[in-house]
Amino acid sequence: MTIRIIPDIAGRPVTVAPPPDVWARIGDWLQLHQRTIRTVQWGVVSVYAVLLIVPVLLPLPDRTAYLWSNLARFAQFVFWGIWWPFVLVGTALVGRMWCGLLCPEGSITEFASGHGLGKATPRWMTWPGWPTVAFASTTLYGQMISVYQYPRPTLLILGGSTAAAALVGYLYGRNKRIWCRYLCPAGGVFALLAKIAPLHFRVEPALWERSQLAREKPGPVNCAPLVPLRTMRGGSDCHMCGRCSGFRGAIRLARRSPNHEIIHVAGQTAKPWETVLIVFGLMGLALGAFQWSVSPWFVAAKQWAATRLAEAGVLWPLDATAPWWVLTNYPDRNDVLTLLDGALLVAYVATVALASGAATLLMLLVSGRCLGRWNPSRFHHLAQALIPLAGAGVFLGLSSLTIGQLRSDGIIVPFVGETRAVLLAIATLWSAVLSSQITALYTTRRVRRVLALFAFCAAMAPANIGWFLLFAAW
């Protein structure tokens, strides 16, 4: 939405908004049909509850079960083969509309908040590191209990998160989404991917200021995720629910360049925890989580550790197991992790996260230094340019679950390898373009910009090599 300034009868300049385009009308439709949206949300909650709970009550599927003939297989495919990978894609395309329009946890926590105690949000809960810590903890724990393969771990992780969301909603806020704003394990990832979405709710400061002079003030908007509407300049925190569309005549759903927020907004405030999530979480921890089960290095480490323990006469780590909610334990499926397996799993994923993240971080530091003296804001701004590659890697890792489940049922998806290579190449090029445009904001010296770009490309190498090893070499 581009505003115009025209003279009034007295010749004074007046700010005027143009007629709404198709995107603005879609935003207004969302604002006018909130009751319909609520109905859809509770329909999603119902389907979510069925797919989460019923498979736990059924026997584990055997080798003859197909995803179209067995509810447990179907539910796992929906959650991990469709829901997660394509919610990430949707967030990168249309912002956090999943959060605002469909997410069952968001609906439940807001409902609980509307009927709860309404306490003030405690300060400890607003710590910006919680989404990163929650993402890392959930990812690692999910690998330990095989969340992608079995219904009970899915119920434990997703159901536990939903129960926590309901409890937080009941305790804090009034018709708000405190859980989504500060604690959701996926919230940090969604906030990053929403920055490259070509749609967002745009706030025009000039029109907002003009509305301040009106005699009749508009009623308040219940922004459930607690976004300060007046100063909102990006889509990172916005849930795209449409409630604020048309507010004060200054907020409209609009198109933008997918690069705009990262280049022109993300650098205004340094966010170290977002850098940690990008570098060590999405480009490190997630890579290790998808790698470990097929990595020859993991197998070699396990054989070496088992040999050393046997030579020392310490055999219990090779045989001891734990309950399924601590480590995978399904002996009737020949799927059991011993204590040695669990320890090596955690060590492998942590090592990949730290090694890959440290290498990426080091080259980012070099890239920033090539532009001039040390500047924390500039360093964190450069890290934001990694978002396309980080998001593409996680999508490819999750989509491998989709491909694997379809393949186990005899459905072969063609050109998988080629598609993965193209997506990684596009994401890498996109991140490089973003870094080049960011460097232009900090220096006009071509040599400095070229050196910074080379270092930035080196920062992308660990993740690209890791995904190549997972999909091609192994």
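Reader: Which helix gives the largest share of the lining of the largest pocket?

Author: In this predicted model, the elements that give two or more residues to the lining of the largest pocket are helix H3 (71-94), helix H6 (130-144), H12, helix H17 (387-408) and helix H19 (446-473). Among these contributors, the largest share, 5 residues, comes from H17.

Reader: How many charged residues does the lining of the largest pocket have?

Author: The largest pocket holds about 1,200 Å³ of space, and 36 residues line it, with Tyr148, Gln149, Gly404, Gln405 and Ser408 lying nearest its centre. Sorted by class, the lining has 17 nonpolar residues and 12 polar ones, and the number of charged residues is 7.

Reader: Is Trp273 buried, partly exposed or exposed?

Author: Trp273 lies in helix H12, which covers residues 272-291, and its contacts, not counting residues up to four places away in sequence, are with Trp127, Pro128, Gly129 and Thr132. Its relative accessible area is 30%, and because buried means under 20% and exposed over 50%, Trp273 counts as partly exposed.

Reader: How far apart in space are Trp273 and His380, C-alpha to C-alpha?

Author: Along the sequence, Trp273 and His380 are separated by 107 residues. In space, taken from C-alpha to C-alpha, the distance between Trp273 and His380 is 9.5 Å.

Reader: What is the distance from the sulfur of Cys238 to the closest cysteine sulfur?

Author: Cys238 is buried, with a relative accessible area of 7%. The closest cysteine sulfur to that of Cys238 belongs to Cys244, and the two are too far apart for a bond, at 5.8 Å.

Reader: Which residues touch the most other members of the largest nonpolar core?

Author: Leu386 touches Ile278, Val279, Met283, Thr360, Leu364, Ser431, Phe456 and Met460, not counting residues up to four places away in sequence. Within the largest nonpolar core, which has 90 residues, those that touch the most other members are Phe79, Leu364 and Leu386.

Key:
Residues are numbered from 1 along each chain as its sequence is written. This is a predicted model: local features need pLDDT of at least 70, side-chain atom pairs count only at pLDDT 80 or more; totals for chains, interfaces and linings use all residues. Side-chain values use heavy atoms; hydrogens and water are left out. A disulfide is a pair of cysteine sulfur atoms within 2.5 Å. Buried means under 20% relative accessible area, exposed over 50%, partly exposed in between (1.4 Å probe, protein chains only). A nonpolar core is a set of buried Ala, Val, Leu, Ile, Met, Phe, Trp, Tyr and Cys residues joined through side-chain atoms within 4.5 Å. Contact means heavy atoms within 4.5 Å. Helices (H or I, at least four residues) and strands (E, at least two) are DSSP runs, numbered from the N terminus. On a 1 Å grid over the protein atoms alone, a cavity is a set of points where a 1.4 Å probe fits but cannot get out, and a pocket is an open set with protein on both sides within 12 Å along at least five of seven lines; lining residues have an atom within 4 Å of a point. Grid points are joined across faces, edges and corners, and a volume is the space filled by probe spheres set on the points. Ala, Val, Leu, Ile, Met, Phe, Trp, Tyr, Cys and Pro count as nonpolar, Asp, Glu, Lys and Arg as charged, and the others, Gly among them, as polar.
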